[in-house]
Amino acid sequence: MRRLLQIARYPNLVVGGVLTGGLLAVALLSLAWTPQDPALQDIAGRFAPPGGAHWLGTDLYGRDTLSLMMAAATTSVTVGLIAVGIGAGLGVPLGLVAATWRGRWADDAIGRLVDLVFAFPALLSAVLITALVGPGAATAIVAIGLFNVAVFARVTRGAVRAVAVRDFVRAAQALGRRRLDIALTHLLPNAAGAILVQATVQFAVAILAEAGLSYLGFGVQPPTPSWGKMLFDAQTLMFLAPMQAVYPGVAIALAVLGLNLLGDGLRDLLDPRLVPMRAA
Amino acid sequence: MTSFLARRVSVCLVTLWAASVVVFAAMTALPGDPALVMLGTEASPETLAALRRELGLDRPVVERYAAWVGGLLTGDLGVSHAYDVAVGALIADRLAVTVPLAVLAMGLAVAVAVPLGVLAADRRGRFADYGVLGFAQLGVAVPGFWIGILLILVFAVELGWFPAGGFPGWQDQAAAALSALVLPALALALPEAAILARVTRAALLETLAEDFVRTARAKGLGRRAVLVRHVLRNALVPMVTIGGLQFAFLIAGAIIIESVFTLPGLGRLVVQAIGQRDLVVVQSVVVLLAALVIAVNLLVDLAAAAIDPRPRLADR
């Protein structure tokens, strides 16, 4: 109860948690149930207005918009999770190595690698990868994941370096503990908060990037539903059914807003020094 | 400053070289015959052989890379197989849309973000501050291309104030061309403005806590005067740094926004080139955009070092 009251003091955390929880719940629910089959086409019933059997109406193929939106949430969450997994799985060890062996060749090499990846924003990488292997979910995941590797490497390096100057780390060094030992038992656990906060931000960035890539046709391919692809379809016929161009955008905005607020809330919770600054 | 400049420029040159290797290697590693990929299975053996010769596929990889880099440096980027014109001329033509779009968007973002950031810092903890923070959260969360679609819906379809897409060119109709860039620039600018407003607010609040601000106030300077004359100038470094970094995302964002508004810019060129399997164009545009990102980052570093020499001196 006391813990719950403590969490309630962070409105960003609460609102972000509720929105993100909602996103994950919808994505999970759509695996088991949607109001209708998202792939079921009914050309005679296309552009049906909201209400009755179709709460959000139907699209240009007569598919139920709400069901498509729910199934597309699964696509966004899946791409986001894998892209963040790739980023954290490769970027965190790279950042840890760079910070632990600061100023050595490994640090320099990783620094240059990060510079190189940052020269190719995710969309640009996706263009290159699409030219190579064609469009698809894998293209989107690899492009976003690669960019995430650089982000996580830089954040981890910075966070670990900030921890490395603290007294307990110096004490461990004085006791003769090995670098790798200190990195794994002291540095990484104490930098985990910053990495976790970054993970929520990169999850949000991945959802935005996936939507953008699918809008361009570089991301997930039909019949797999995607909010970006829904927006593309809706734009071509927005004179006939303008609301179809609104719903997917609202879904993306709520998902990204939720994750960003969750990140802000987690940062406030994990770094209490920031709370007085925010409240003052 | 000279050694700092030399160090930063050399790092950027290495990154640029590495980026060129990545792009070239990616295109070289293309599975199958690039000529077949570009022309399709219906092309005659003679046409395929001619394109292979033109692409230099009969030469060793290192020689091809050297020739390609030489071409990049001299502006000879080859010929687009889809448009049958020199890639350099094609890119220059498209830059006439993308550069004004990016500059207009960045200008709009700064014009909106800085006053909002100053307002939020000045009214910290009050309604205006929370309003700006709310705008920043929403602005970052809403995808730019969706804003573009909504802007078309409201200002082009409903009100008819601006065109829904297309670009008439600068030659005869400069006013119409500028009008065609207004909505895309707004769509690109909003997420940037949201981030910049937040950074401006944070930088100003941090600077407001410095001793020299207290001294200026103690000497009798008004709150507004201190904020504008002293605090804003000292908060410039993070604002310039983040603004510059955001420029890279703005360029990437232009790839989508140009597709939303069917603008004949560099972004749309590369998207179409993929559809047309025009790999020479893809290769050149991607390396050009990467070079642009690297150059902007260098300029940001140099500007930050010129504004505040402390980190540069501490690096020695």
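Author: Let's start with F152(A), which touches V84(A), G87(A), A88(A), G91(A), V92(A), I195(A), Q198(A), A199(A) and Q202(A), leaving out residues up to four places away in sequence; contact here means heavy atoms within 4.5 Å. Keep in mind that this is a predicted model: local features need pLDDT of at least 70, side-chain atom pairs count only at pLDDT 80 or more, and totals for chains, interfaces and linings use all residues. As for bookkeeping, residues are numbered from 1 along each chain as its sequence is written, chains are lettered from A and ligands numbered from 1 in the order in which they are written, and side-chain values use heavy atoms, with hydrogens and water left out.

F152(A) sits in helix α6 (residues 137-164) of chain A; helices are DSSP runs of H or I, at least four residues, numbered from the N terminus. With a relative accessible area of 1%, F152(A) is buried, that is, under 20% relative accessible area with a 1.4 Å probe, protein chains only.

T200(A) is worth a look too: this residue is in helix α8 of chain A and is buried, at 9% relative accessible area. Neighbours within four places aside, T200(A) contacts L259(A), L262(A), G263(A) and L266(A).

Now for the other chain. In all, 44 residues of chain B are in contact with 41 residues of chain A. The two bury about 3600 Å² between them, 80% of it on carbon and sulfur atoms; that is the accessible area (1.4 Å probe) that two parts lose on being put together, summed over both. There is one salt bridge between chain B and chain A, meaning a side-chain nitrogen of Lys or Arg within 4 Å of a carboxyl oxygen of Asp or Glu. D264(A) forms a salt bridge with R198(B), the closest N and O atoms being 2.9 Å apart. On the side of chain B that touches chain A, the elements giving two or more residues are α1 (2-28), α6 (127-141), α7 (144-158), α11 (236-260), α12 (266-275) and α13 (279-307) of chain B.

One of those is α12(B), a mostly covered helix: seven of its 10 residues are buried. They are L266(B), G267(B), L269(B), V270(B), V271(B), A273(B) and I274(B). The buried residues of α12(B) pack against α5 (122-133) and α8 (179-216) of chain A, along with α5 (87-122), α11 and α13 of chain B. Just past α12(B), R277(B) takes a positive phi of about 55 degrees.

Notes
Buried < 20%, exposed > 50% of the residue type's maximum accessible area, 1.4 Å probe, protein only.
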